[in-house]
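Okay, thanks for making the time, everyone.

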There are 2 protein chains.
Amino acid sequence: MKYSSLAIALTFLLCGLTPAQDGSVPAPGNLGGNEYPRISADQRVTFRLKAPEAKKVQVRGGAGLVKDALDLVKSDDGVWTGTTAPATGGFHYYWFVVDGVIVNDTARPTWFGWGRECSGIDVPEKDPKDGEFYAAKEVPRGEVRVNWYQSKVSGKLRRAHVYTPPAYDQQPQQRFPVLYLQHGAGENERGWVEQGRANFILDNLIATGKAVPMMAVVDTGYAVRPGSESAGPTSAFEEVMLTELIPLIDARYRTIADAEHRAMAGLSMGSGQTLSIAPKHPERFAWIGAMSGPPRKGFDVKTSFDGAFADAAAFNGRTKLLWLSAGTAEEEFHRHTLAMHEALTGAGIKNVFYSSPGTDHEWQTWRRSLHEFAQRLFKE
Amino acid sequence: MKYSSLAIALTFLLCGLTPAQDGSVPAPGNLGGNEYPRISADQRVTFRLKAPEAKKVQVRGGAGLVKDALDLVKSDDGVWTGTTAPATGGFHYYWFVVDGVIVNDTARPTWFGWGRECSGIDVPEKDPKDGEFYAAKEVPRGEVRVNWYQSKVSGKLRRAHVYTPPAYDQQPQQRFPVLYLQHGAGENERGWVEQGRANFILDNLIATGKAVPMMAVVDTGYAVRPGSESAGPTSAFEEVMLTELIPLIDARYRTIADAEHRAMAGLSMGSGQTLSIAPKHPERFAWIGAMSGPPRKGFDVKTSFDGAFADAAAFNGRTKLLWLSAGTAEEEFHRHTLAMHEALTGAGIKNVFYSSPGTDHEWQTWRRSLHEFAQRLFKE
């Protein structure tokens, strides 16, 4: 009995991708040789859960995989199955709901989103070429370095993840520009690497000379002063970022520690944080990226974000790049982002709008956004 | 609707530790301000799950927290609760079983064990002093660097985690010895950092001068040659380690690349791998640690491990340290480890046995083991 955990090893036969008669294959990365979930050639995902006693089982998850909920159907052996409509390529959160209880899929790793650990699946692109930019290719690879630091502001231990490009170790005299990347609501500092594959995207861009070698820093956007919980869960983030995180990174790494070599970008909630922090701190950031997170109540160029955009000439003079994006399938975000782009342009503020074809409020929009944004960074 | 994910942020009020009338507090690290699980002053853990439709709910998990299973009891509002006996301090895996379905606790992060993602909880020590050695203290901190590499042997992308001590970046001319640390069955390369807190243990030891500055490398012990699945899920690990991982680490980092400055240790399955690999490769490893993983069928000094221990004088001459450990509560492991220690000693082979008081086949045994073992490493 005591050796039972050793026996688990024997069950760990790694799966190949076994095609079924319908052409579906086990999802890449299934744990322990599990055959399900499976993905068909037309990007439909088939889920499976054994729950003989359950009365109702659904799959719920992120936009791009299931709209609202997918009802599973029970067979005589107590196994529930169901198949989605064709999904968007890229990463999707999902989970089962079994008679009202959230249940992760033991066949899959988890990713942190929705304020908790969620199952997830990366659906291969219909045209494999479309997935090459975030694939783990045989190019020189950077590292992701986990840095724990004690925040005096929040009183919490934080865990910044720092991407260093391949040149960082190879050229010990060189200093590098830094991109600060923020996740969305309910996610954390793991998001941009684990869901976003930011390290592979940057490795690939740097290897082909499409992006300059840069560092990227991903930390959680949540921070609260003890006793100020009512101010909201992100209320102390700006202070943590400006007075603790950036000084730590500039002290610990070979950064170029000026605004012209520092960018901030974020997705959804992180976009809101970027627009709130970066434009009003031109002494810190000259490069700004806002992905799928325009102002919720409309954008006014004179008054929004504490008037940071009110003076077009001043803004243009101190900002190297203001870059906005959204996916065409996240209609409300896309409409508001486009409206912001047009208002900025109308007011004479230079900015770029990137529209991700066919993607929703999902990581594929943000992988593509990073891929586009990073190619413009730190270039004159 | 589309902004619903933004709203999640507002629910994210971080919890303080709210004492209840019974003196229990929410477990440190509960997500989203959840009040449960709670931990009492005498280290009992109270779990809670809302599952109104369920007929039977249990908590199962690792040794040291629940023996076999804890049956939860349902109240009128559909909430199931139950309290364990006093638990061992330290990390424990757990999960709910709801009418036969494995359900993780959405109030907790997950850790990879048992071949899947599991809920987990770190129970504070009864005497806080006992937990100081693995606490995140205000000392100079090393980094954990995530390295992806493509294995030609297994055809898989692997993800080694590399601890570098604080001096690594501060003293760019210095080279460092390396400890290779292996996880147990059903775990992966995250185990030694996330469950084991190896980085904090080493930070604390190095800060107080109790250990020499060293690197640590943790990679998964699973590796199979494509087409050789029948040989077992770890069948290609030795080849990956010796021909790919060690050369990669020695090429990429400022290591001291000889046997006198390279150690291998592991827990449970990883102990078996260590004893199988390190003693027969004296050209690679002069320091060997076997934690909670003695030979299952008894140890014979002349024949076990391909006779690597058969010649005591030769073994003693080439080995700096052979170190064994087990917890007193993991009785079978402890008995076999003690027997191995005695057989080795009887045959004239120098070795050290460390017995962890009161701990079972659980991470607290291995945190303590690392803490003891690391203090002896790379010293004459």
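Before I start on sheets, one convention: two strands pair if DSSP finds at least two bridges between them. Helices (H or I, at least four residues) and strands (E, at least two) are DSSP runs, numbered from the N terminus.

Now the ground rules. This is a predicted model, where local features need pLDDT of at least 70 and side-chain atom pairs count only at pLDDT 80 or more, while totals for chains, interfaces and linings use all residues. Residues are numbered from 1 along each chain as its sequence is written, chains are lettered from A and ligands numbered from 1 in the order in which they are written, and side-chain values use heavy atoms, with hydrogens and water left out.

Two copies of a chain are related by a rotation about an axis and a shift along it.

A:Arg145 stands opposite B:Arg145 in E12(B). Strand E12 of chain A, residues 143-150, is joined to E12(B) by three bridges, and the two run antiparallel. On burial, the cut-offs are under 20% relative accessible area for buried, over 50% for exposed, and partly exposed in between, with a 1.4 Å probe and protein chains only. Seven of the eight residues of E12(B) are buried, so that strand is largely enclosed by the rest of the structure.

E12(B) also pairs with strand E13 of chain B, residues 157-164, antiparallel over eight bridges. One of the bridge pairs there is B:Val144 with B:Tyr163. The two strands make a hairpin with six residues between them, and B:Gly155 in the turn has a positive phi of about 70°.

Next, the open sheet. In chain A it has five strands in the order E1-E2-E3-E7-E6, paired antiparallel. Its edge strands are E1 (25-26) and E6 (73-74), each pairing on one side only. E6(A) pairs with strand E7 of chain A, residues 79-83, in the antiparallel sense over two bridges, and A:Lys74 has A:Trp80 as its bridge partner. Over in chain B, there's an open five-strand sheet with the order E1-E2-E3-E7-E6, also antiparallel. There, strand E3 (residues 45-50) and strand E7 (residues 79-83) pair over five bridges, with B:Lys50 bridged to B:Val79.

While we're around there, have a look at the loop between E1 and strand E2 (38-39) of chain A, where A:Pro37 is found. The peptide bond joining A:Tyr36 and A:Pro37 is cis, with omega about 0°. In chain B, B:Tyr36 and B:Pro37 are likewise joined by a cis peptide bond, omega about 0°.

A:Phe305 has phi near 50°, a positive value in a residue other than glycine; A:Phe305 lies in helix H7 (residues 304-307) of chain A and counts as buried at 18% relative accessibility. B:Ser268 has phi near 55°, again positive in a non-glycine residue. B:Ser268 sits in the loop between strand E16 (262-267) and helix H6 (269-277) of chain B, and at 4% relative accessibility B:Ser268 is buried.

Last stop: A:Ile349, in the loop between helix H9 (331-346) and strand E19 (352-356) of chain A. Is A:Ile349 buried or exposed? Buried, at 2% relative accessibility. Beyond its neighbours within four places in sequence, A:Ile349 contacts residues including A:Val301, A:Phe309, A:Ala312 and A:Leu344. A:Ala312 is 37 residues away along the chain, yet the C-alpha atoms of A:Ile349 and A:Ala312 are separated by 5.2 Å.

That's my tour, over to you.

Key. Contact means heavy atoms within 4.5 Å.
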